[in-house]
Amino acid sequence: MDSDEKNSKVYELWKKYKATKDVALRNKLAEYYLPLVKLVGGRLAVSLPPHLDKDDLISSGFFGLLDAIERFDITRNIQFKTYAGVRIRGAMIDYLRSKDWVPTAMRQRIRKYEQTVYQLETELGRSATDEEVANAMEISVDELQNLIEQSNVATVIPLEEYLKTDSPEAIDVNPANTTEFLEVKDTLARAIDRLPEKERVVVSLYYYEELTLKEISLVLHLSEARISQLHTKAIFRMRGYLERMKNSF
């Protein structure tokens, strides 16, 4: 834990829990950190379809919080909220995977779009325009825009996996892991830098400044639907870039 946490009253609660493993103390810690579960769940829920139960998502995150409390080492120089955020998000993503919530037909259309973007940008050496992608897919630009809107709900899991790589388990374990972690971060930074300006700003605000899509829409003076579309397009471009990087090794 960092110095601020060690100086707080909650640290005394941590020490007592780690010494006794008392369930009542664990529950007090869980209650204290419960707002973190709601915060992570709220960010994930932005892109989810209506039929998915948000309460179930929060419940799965709560079990991730309990797991984090059980596993956390209070002697390490890591904030618990950072550590727990990773495990809470992971538990929620596992829940979403278990629901298999993206229809097969949609997966196929998304995959075709992703492959087209990847192939075009590999050939062009730059970001492909909507017109170029639509032409390659033999559909209209309007049809492409509709596909991108429908794809919004399918990007939440890959987004979290690609960009939220700053897991505390990857830090301060050994030099090899730290080097690998830094290489991943550098690769992601390069992928973000290659995005068109508006997409790059959206990704940076969402993942690094941790603004919601609605907040980003207010900052950029664009509709929330437009921000969501830029968000989706950015992720498909990044997937293609990361795929090219993987294939080059």
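Which helices each supply at least two residues of the lining of the largest cavity? In this predicted model, local features need a pLDDT of at least 70 and side-chain atom pairs count only at pLDDT 80 or more, whereas totals for chains, interfaces and linings use all residues. Residues are numbered from 1 along each chain as its sequence is written, and side-chain values use heavy atoms, without hydrogens and water.

The helices in question are H6 (104-124), H7 and H13 (224-248); helices are DSSP runs of H or I with at least four residues, numbered from the N terminus. The structure holds one cavity of 30 Å³ or more, a cavity being a set of points on a 1 Å grid where a 1.4 Å probe fits but cannot get out. The space in the largest cavity is about 50 Å³. Its lining (residues with an atom within 4 Å of a point) consists of Tyr113, Val117, Ala128, Asp130, Val133, Lys233 and Arg237. By class, four of these residues are nonpolar, none is polar and three are charged.

Helix H7 (residues 130-137) also packs on helix H8 (residues 141-151), at an angle of about 100 degrees and with the axes 9 Å apart. The two helices are therefore roughly perpendicular, a term for angles of 65 to 115 degrees. Asp130, Glu131, Val133, Ala134 and Met137 in H7 meet Val141, Leu144, Gln145 and Leu147 in H8, contact meaning heavy atoms within 4.5 Å.

Confidence is given by pLDDT, on a scale from 0 to 100. The chain averages 80, and 77% of the residues score at least 70. Among the elements, H7 has the highest mean pLDDT (95) and H9 (residues 156-163) the lowest (50).

Notes
Axes fitted to C-alpha atoms, helices over the stretch in contact; angles between N-to-C directions. Parallel < 35°, antiparallel > 145°, perpendicular 65-115°, else oblique. pLDDT = per-residue confidence, 0-100. 1 Å grid on protein atoms, 1.4 Å probe; cavity = no way out; pocket = protein on both sides within 12 Å on 5 of 7 lines; lining within 4 Å. Points joined across faces, edges and corners; volume = space filled by probe spheres on them. Nonpolar A, V, L, I, M, F, W, Y, C, P; charged D, E, K, R; others polar.
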